[in-house]
Structures are given as C-alpha cells and as structure tokens.
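Here are my notes on the model, point by point. Please keep the coordinates open while you read.

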Amino acid sequence: MGRIKLIYFLILMSLAINASAQVKKVTPVLLPYEKSFLDLLTRDTTSNVEINLPFITFAFGLNTNEFNGIAILKNKGDLQLQTLGNGKLYKITKERDSYSLARIDATIHSGVNFNSFTFRLRDTLFQYGGNGFWSIRGILTFFSEKTKQWELLQANRLVYGYSSENDLRLFKANKNENRIYLSHSYYYSDFPSTLNTESNDSCYQFDLNNREWTTLGKLNPALKDKLNYAIDLNVNKGNYRAFTKDLENFWVNYSNNTFGKFKAKKSNEIKQEWITFYPIAEVKKYFTLTMGDSLYLFKIKQDNQLQKRVISLTEKDFDLTTATFIYNNQVSLFEELKTFIEQHWKLLLIVIGLLIIVAYILVAERKKKTMPAAVNTILYNNFYASLSAVDKDLIKVLYEHYLNGEALTTKVINKLIGVQQKDVLTQNKSRSDHFIKINQKFNQSTQQKGALILKKRDEQDKRQFTYALNLTFIDEIARLLKA
C-alpha cells in the first residue's frame with residue numbers, strides 16, 4: 001500500500017508540473033524576417049491583427065515538431081502567439097532591440113487542433129475546429145484566464161471545419177455581433193477506409209450569446225468556385241473579409257449576405273503591385289494582411305530579409321454595386337422532399353404499402369365493373385331465368401312503377417304474391433322471403449354487389465314501407481324486360 005501511495009503521489013506531482021504555466025521568459029533567436037515582422041506589428045498600437053503565418057517559414061525559435069502553424073494575435077499593443085497543434089500560448093514582449101516569449105498557459109499537448117482558427121472576441125481568445133488523430137474537430141474552446149487552460153464552449157451541435165491551403169474557408173469572427181461565420185465545412189467521405197475529405201455546400205453561423213450553430217443556407221456555387229485555391233487577404237475590417245483569385249479581388253459581408261468585387265481602380269492597383277512584387281520567375285515565400293487602413297504584401301527574400309509593399313485599403317474600395325448573395329436559404333422542392341424522406345422513411349413505407357393495397361382493390365373493382373357486355377348479358381339472363389313467375393311479375397311491376405316515378409306499396413305486393421287475405425305477420429314474412437330470395441339470386445348470378453330491390457319507409461306514412469328497383473342496375477333490368 002505504501003508503494004501504491006508513493007506511485008500515485010508521483011503521478012499527481014508529474015501532472016501538476018506538466019500542467020503548470022511556464023512563466024519563464026526566453027529570448028529566442030529570430031530570423032531577420034521574423035524580427036522585421038514583429039517590429040512592424042509592435043510599432044502599431046491601435047490596430048488588431050489575427051493571422052495564421054506560413055508553417056516552418058515562421059517558427060520564432062520554437063520546436064516545429066510540436067505544431068504545424070502559428071497564429072499571431074495582436075490586440076492593439078498586446079501581442080500573443082499560439083502554436084497550432086497544441087494549447088501553448090505565448091506572450092510576445094519587446095525588450096529594447098530583441099523580443100522575449102513567455103508561455104502563459106498551463107495546458108498539456110492535445111494534438112487535435114492542427115489547422116484550427118484562432119481569434120479574439122470581447123477580450124476572450126477562442127479556437128475553432130482543426131484536425132488531428134484522424135479526426136476533424138467541430139468544437140469551440142476558449143482560453144480561461146483563471147485556469148490557464150483551453151476550456152470547452154458548449155454548443156447545440158458540432159460543425160466540422162479546419163483551415164485549408166487549397167480550399168479557402170472564409171472564416172469570420174464578427175466582434176460587433178459576437179458571432180462567427182463559416183462558408184462551408186469538411187467531413188471524411190469514406191473514413192476509415194481513407195482520409196479523403198469533402199466539403200458540403202452549407203454556410204454556418206455561431207452565435208456566442210446563445211451558443212447555437214445555425215445553418216444559414218446553401219453556399220452560392222459562384223462563390224464556392226472562387227474559394228478553390230484562393231488566397232486570403234486577411235482583411236478583418238468591420239463586417240468584411242476579402243480574398244484574391246486569379247488576380248481578381250473579392251469582398252464578403254456575412255452580416256447582410258453579400259459578396260462582390262473591389263472597385264476597378266483599386267483592383268487594378270493591387271493587380272499591378274501583385275504582378276511586379278511577386279514575379280513568377282522569382283523563388284519566394286509570401287503572405288498578406290491588413291492593418292489599419294493598409295493592405296500589406298510581404299515576401300521573404302533569399303537573404304531572409306522581409307520585403308513589403310503597402311496599399312491603402314478601406315471599405316470605400318469595395319464595389320457594392322456588384323453585390324450578390326453568399327448563401328441561399330430558399331430550399332428547393334427536391335431538397336425538401338429529400339429531407340422529408342430521410343426523416344420519415346418508415347412512415348412512407350407504410351403509406352406506400354397501403355396505397356398498393358388500395359390500388360389493387362380499385363383495379364379489381366374496375367375489372368368487375370368493366371366486365372365484357374356479352375358476359376354481363378349472359379349473367380343477367382341466367383338470373384332472370386332462375387326466377388319464378390311471381391318473382392318476374394314483381395320485377396316487372398317494380399319497373400313499371402319506376403317509369404311512372406312511383407314506389408311499389410305493400411298492398412300491391414301482397415296481392416301479387418297472393419297473401420292479401422292473410423294476417424299482417426304472414427304478409428310481412430312472405431314479402432321479406434320473396435325479396436331476400438330475389439336479391440340473393442341476383443348477387444350470385446350477376447356477381448354484383450348491392451341489393452336489386454330496395455326497401456324504405458313511406459314518406460306519407462312512416463309506419464308503412466315502399467319498394468323500388470336499385471337505379472344502379474335499372475338499365476340491365478330494362479334490357480331483360482324488353483328482350
């Protein structure tokens with residue numbers, strides 16, 4: 001027991017040491033372009049910048065075996081660095097002509113947030129999505145100043161996504177609305193057979209106030225096509241994002257569901273600067289960002305020096321007349337039907353089965369009704385031949401009353417069947433026997449359903465009954481009597 005307690009104590013101590021925040025400052029050896037980039041960021045004390053820097057190109061002296069990218073987060077004069085692939089978070093401080101890194105988190109390496117989106121909203125640092133361990137992450141986490149850990153933010157569902165170099169995911173953290181937007185998400189198409197991924201056509205919104213994901217609608221195919229192999233300009237001005245594709249520049253505004261082009265003059269200016277600054281023949285590493293009212297084009301030269309071009313860029317440079325929709329929330333009839341089938345397929349199977357049964361019955365009935373005329377005539381003749389003389393007289397009298405618009409009374413019937421001198425009970429039974437016998441022979445001979453002779457109460461005297469032929473079969477009876 002003593003040994004077990006000692007091992008347990010050592011495990012707890014190890015976890016505590018690993019989870020403790022590393023507050024010790026280190027002064028990394030920076031490459032010339034890394035230092036120049038930090039110099040540019042620290043000279044500006046009013047703007048906010050959030051950018052994922054090219055992996056390996058920027059490492060800031062850290063061990064690149066632990067991450068696959070670096071997110072730089074600038075909140076006015078405060079500068080932080082987050083390594084993508086683990087939870088490590090560093091504060092960058094300028095000290096005279098050098099920079100120090102101080103780890104301010106107490107997290108243990110997670111390895112599931114490679115290629116994630118890191119952003120700040122209302123003084124809180126968030127991270128969304130990412131991938132690792134053969135999975136795509138669909139959760140949000142936030143950095144807690146109390147625990148120094150990345151804590152899970154509960155949401156109503158998961159929306160899977162991560163940052164991709166080939167297929168630009170237009171991610172927008174809107175500080176004014178306290179919402180984030182995602183142009184489309186990823187999923188594994190045939191996992192675990194392969195790790196092939198596909199993207200859907202839905203545009204999403206997450207509201208941090210109620211912690212709910214909402215599907216806004218289907219992404220505009222024209223926009224989705226432009227995002228393939230597009231370059232993020234890292235524009236985060238107000239409600240806008242921006243990107244470039246084949247030297248064309250586009251803006252996106254999720255708040256009012258619009259996207260469009262830059263104004264022609266500004267687009268031509270950026271195009272000319274881009275062509276001259278990034279010549280195809282030159283081996284280069286480049287990236288872009290906006291800070292304040294300026295768009296920066298960066299490239300790293302062969303001697304590890306950082307070179308830049310600065311282009312003024314404001315919201316006035318966006319051509320709003322070219323605006324069209326980002327997403328369409330009008331669901332087509334086909335999509336509605338598909339969704340209904342997916343949700344109610346069991347009920348549909350039952351309904352289809354019932355419809356088949358009803359259709360079978362209706363077809364059978366139709367076949368009976370559409371019996372060949374020759375066969376129908378033979379059947380009716382057989383019926384008539386099977387009747388007694390009295391029964392034939394009854395039908396003939398009933399038909400004559402039909403022609404005169406009258407119903408046959410019990411007094412006439414009693415006389416026809418020869419019971420007019422009998423007591424009432426005998427008369428009633430005799431009439432009933434005759435009509436039952438006639439109706440039974442009719443149904444058996446003609447294969448029809450329903451009585452040939454109908455009985456109903458007299459309208460003048462409700463105590464008495466009258467009798468008449470069923471009008472459904474009146475034409476066939478007429479042909480029999482005229483034959």
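This is a predicted model: local features need pLDDT of at least 70, side-chain atom pairs count only at pLDDT 80 or more; totals for chains, interfaces and linings use all residues.

Leaving aside neighbours within four places in sequence, which residues is aspartate 167 in contact with?

1. **Aspartate 167.** The contacts are His184, Tyr186, Ser199, Leu227, Asn228 and Tyr229, once neighbours within four places in sequence are set aside. Aspartate 167 sits in the loop between strand S10 (150-153) and strand S11, and S11 covers 171-174. Its relative accessible area is 11%, so aspartate 167 is buried.

2. **Aromatic pairs, and one across the chain.** The count comes to 34 aromatic pairs. Take phenylalanine 37 and phenylalanine 287. Their ring centres are 5.5 Å apart and their planes stand at 80 degrees, so this pair is edge-to-face. Phenylalanine 37 belongs to helix H2 (residues 32-43) and phenylalanine 287 to strand S21 (residues 285-291), so the pair ties together parts 250 residues apart in sequence. Both phenylalanine 37 and phenylalanine 287 are buried.

3. **A tilted pair.** Phenylalanine 126 and phenylalanine 142 also pair, 6.5 Å centre to centre. The angle between their planes is 50 degrees, and the pair is tilted. Phenylalanine 126 is in strand S8 (residues 124-128) and phenylalanine 142 in strand S9 (residues 140-143), 16 residues apart. How do the two partners compare in exposure, buried or partly exposed? Phenylalanine 126 has a relative accessible area of 7%, so it is buried. Phenylalanine 142 has 23%, so it is partly exposed.

4. **The ring cluster.** Phenylalanine 126 and phenylalanine 142 are also members of a cluster linked by ring pairs.

5. **Lysines over rings.** Which lysine lies over the face of phenylalanine 277? That is lysine 299, at 4.6 Å from the ring centre. Lysine 392 has its charged end over the ring of tyrosine 384, 5.1 Å from the centre of that ring.

6. **Helix H8.** This helix takes in residues 389-403, 15 residues in all. From first C-alpha to last, H8 reaches 21 Å, close to the 21 Å expected at 1.5 Å a residue. Its buried residues are Asp391, Leu394, Ile395, Val397, Leu398, Tyr399 and His401. Glycine 405 follows H8 and has a positive phi, near 75 degrees.

7. **Phenylalanine 262.** Look in the loop between strand S20 (258-261) and helix H4 (264-277). Phenylalanine 262 has 4% relative accessibility, so it counts as buried. Residues up to four places away in sequence aside, phenylalanine 262 touches Leu233, Ala242, Asn249, Phe250, Trp251, Ser267, Ile270, Leu313, Asp317, Phe318 and Asp319. Threonine 244 is 18 residues from phenylalanine 262 in sequence, and their C-alpha atoms are 9.9 Å apart in space.

8. **Positive phi outside glycine.** Check two loop residues here. Tryptophan 134 is not a glycine, yet its phi is positive, about 55 degrees. Tryptophan 134 is in the loop between S8 and S9, and at 59% relative accessibility it counts as exposed. Lysine 148 is not a glycine either, and its phi is positive at about 60 degrees. Lysine 148 is in the loop between S9 and S10; at 27% relative accessibility it counts as partly exposed.

9. **The cavity.** How many cavities of 30 Å³ or more are there? The count comes to one. The largest cavity has a volume of about 50 Å³. Its lining is made by Gln80, Leu89, Arg120, Asp123, Thr124, Leu125, Phe143 and Glu145.

10. **The largest pocket.** Its volume is about 1400 Å³. The lining has 48 residues, and those closest to the pocket centre are Ile51, Asn52, Ser163, Asp232 and Asn234. Several strands each supply at least two lining residues: S2 (48-53), S3 (70-75), S7 (117-121), S11 (171-174), S17 (231-232) and S21. S21 also carries phenylalanine 287 from point 2.

Technical notes. Residues are numbered from 1 along each chain as its sequence is written. Side-chain values use heavy atoms; hydrogens and water are left out. Rings of Phe, Tyr and Trp (its six-membered ring) pair if their centres lie within 6.5 Å; planes under 30 degrees apart count as stacked, over 60 as edge-to-face and the rest as tilted. Helices (H or I, at least four residues) and strands (E, at least two) are DSSP runs, numbered from the N terminus. Buried means under 20% relative accessible area, exposed over 50%, partly exposed in between (1.4 Å probe, protein chains only). A charge sits over a ring if NZ of Lys or CZ of Arg is within 6 Å of the ring centre and within 35 degrees of the ring normal. The expected span of a helix is 1.5 Å times one less than its number of residues. Contact means heavy atoms within 4.5 Å. On a 1 Å grid over the protein atoms alone, a cavity is a set of points where a 1.4 Å probe fits but cannot get out, and a pocket is an open set with protein on both sides within 12 Å along at least five of seven lines; lining residues have an atom within 4 Å of a point. Grid points are joined across faces, edges and corners, and a volume is the space filled by probe spheres set on the points.
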